[in-house]
Amino acid sequence: MDKASPSDLPPADEALLLRQGRAAWLAETARYTRVRIQAVTARRDTTADDGGPGRAVVRLVWAGADPAGTFLDGRPGTVHFTQNGDGSWKQTL
């Protein structure tokens, strides 16, 4: 995933977004079992309406068993973030 899109965020922001994105996704998949994140990237959100800084997207590939017990890997996921005025990042829907 890293080779498909070069890093475009400051290293500290990228590291923070990777941690926050993983945590958000694990919370999102709480009803699943055996969840593991297989790959993750954090990049600027170039699809945002204004196209400017302050928006990021964390893309994940994950695996897990759904509530019925069906295990699948290679599932995609995305978590969007907006940067606050103080430099912190907030998850958006």
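Me: How many residues does helix α1 have, and how far does it reach?
Reply: Helix α1 (residues 11-28) has 18 residues and reaches 25 Å from its first C-alpha to its last, close to the 26 Å expected at 1.5 Å a residue, the expected span being 1.5 Å times one less than the number of residues. Helices are DSSP runs of H or I with at least four residues, strands are E runs of at least two, and both are numbered from the N terminus. This is a predicted model, in which local features need pLDDT of at least 70 and side-chain atom pairs count only at pLDDT 80 or more, while totals for chains, interfaces and linings use all residues. Residues are numbered from 1 along each chain as its sequence is written, and side-chain values use heavy atoms, leaving out hydrogens and water.

Me: Which residues of α1 are buried?
Reply: Asp13, Glu14, Leu17, Gly21, Ala24 and Trp25 are, where buried means under 20% relative accessible area, exposed over 50%, and partly exposed in between (1.4 Å probe, protein chains only).

Me: And what is on the face turned away from them?
Reply: That face carries the exposed residues Pro11, Ala12, Arg19 and Ala27.

Me: Switching topic, where is arginine 75?
Reply: Arginine 75 lies in strand β3.

Me: Which side chain of opposite charge is nearest to it?
Reply: Aspartate 66, 4.4 Å away, and buried arginine 75 has no salt bridge, which would need a side-chain nitrogen of Lys or Arg within 4 Å of a carboxyl oxygen of Asp or Glu. For charge, Lys and Arg count as positive and Asp and Glu as negative, with His and the chain ends not counted.

Me: Where is glycine 54?
Reply: Glycine 54 sits in the loop between β1 and β2.
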